Amino acid sequence: MELLATISGATGSLALTLISFLVVLTVVVFIHELGHFWVGRLCGVGVTAFSIGFGRELFGWTDKHGTRWKIAAIPLGGYVKFVGDLNAASVPNQNQIQQMSAAERAVSFPHQNVAKRAAIVAAGPIANFILAIAIFAGFNYFSGRQVLEPRIEAVQAGSAAERAGFQPQDLILSIDGRRIETFADMQLLVSSSAGESLTFTVERGGQTVTLSAVPNFVERTTPFGKQRIGLLGVEASKDPAAIKRVSYSPLGALKAGVAETWNLIDRTLNFLRRLVMGWESADQLSGPIGIARASGTAFDVGGVYSLVSLIGFMSVSIGLINLFPIPLLDGGHLLFYAIEAIRGRPLSERAQEIGFRIGFAIVAMLMLFATWNDLVHLGTSFMDRGS
């Protein structure tokens, strides 16, 4: 009976994880592709297909404009296929283009000017950022925020804070010139700056003091697996007066949503910078399995609220990744269009084909590497549970 209960619990947990994963990915992908679709329609471009997922069509319908809306078998992305596209990556169909009539050229994506094509391509990532801003702004407006002022209750022995000279009751005002309003603001900056020297401006006994600290590397377990972060070594104030409830007007909530979205972008870019510099480990990159685990954990811990928050986080990540200048991604297309605008003519068909092949190889390698990391983290997690 105990074994059956264990199996039943594991099966239920797996089902919850899969459902949560599909909800997160479907919403993020749908909004991304809707951005391409909507701006494409505004620009007068014909759309032949709007797909959530890849591979064999499971079900779908055709609207009055001739667009085939469909759900496909492999739920790991999606695409909008415009008139003149050869495939889901928007590679031009040269054979079809040469045989087009004047009416078909008018609605063909490859025949649009550079500005229209760039707007259509950029609309996907922009839609992801708008979704994230809307989610964060909605939470801020309807729920407000409970924040803790960045005042230090205690300094841990042997910590980076102790070495830097922090003292109890210090109030952190700024870090490297960036204003700090909450204890969470301080944690976000410190956690992404392990091993780097940070300049703190603190208020101590009515006076302003400047301190320099280098956060220690520590390993923490997150929904995405074990990750290395920076730790200062201070405890937040336990004084009830340090806790404040912040309410937002509609405009204030929107501004806060924009700020939260930008903070996520900034942290991601900072992580990539540190990764290139060798200050971060590549084993922190996560793929579909990691996203699935995080989705299941988010719903299990915080219900719909946490799952929607994760959608906002993932929407920022997907939007930013798609802007990387890698052929096959939106950023790669924008790079080609920028070159075309400078040269006055597009790259040759051969050059674009080589670029897309290189882009495909890079994306495939990154996906395989991230999936390998996920499997390693998953195996480590099982072993930790067993012990």
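This is a predicted model: local features need pLDDT of at least 70, side-chain atom pairs count only at pLDDT 80 or more; totals for chains, interfaces and linings use all residues.
I read about 40 Å³ as the space in the largest cavity.

I then listed its lining. The residues are L22, L25, T26, V29, I52, P75, L76 and G77. Two elements, helix 1 (2-42) and strand 2 (68-82), each give two or more residues to this lining. I noted that helix 1 supplies the largest share, four residues. By residue class, I count six nonpolar and two polar residues in the lining, with no charged ones.

I find an open sheet of four strands, in the order 6-5-7-8, with antiparallel pairing. Its edges are strand 6 (178-179) and strand 8 (207-213), and each of these pairs on one side only.

Strand 5 (residues 171-175) and strand 6 run antiparallel and are joined by two bridges. Which residue in strand 6 is the bridge partner of I175? I find R178 in that place.

**Helix on the sheet.** Last, I looked at helix 6 (residues 183-191). I see helix 6 lying across strand 5, strand 6 and strand 7 (198-204). Against strand 5, helix 6 runs at about 45 degrees.

How values were computed: Residues are numbered from 1 along each chain as its sequence is written. Side-chain values use heavy atoms; hydrogens and water are left out. On a 1 Å grid over the protein atoms alone, a cavity is a set of points where a 1.4 Å probe fits but cannot get out, and a pocket is an open set with protein on both sides within 12 Å along at least five of seven lines; lining residues have an atom within 4 Å of a point. Grid points are joined across faces, edges and corners, and a volume is the space filled by probe spheres set on the points. Ala, Val, Leu, Ile, Met, Phe, Trp, Tyr, Cys and Pro count as nonpolar, Asp, Glu, Lys and Arg as charged, and the others, Gly among them, as polar. Two strands pair if DSSP finds at least two bridges between them. Contact means heavy atoms within 4.5 Å. Axes are lines fitted to C-alpha atoms, for helices over the stretch in contact, and angles run from 0 to 180 degrees between N-to-C directions.
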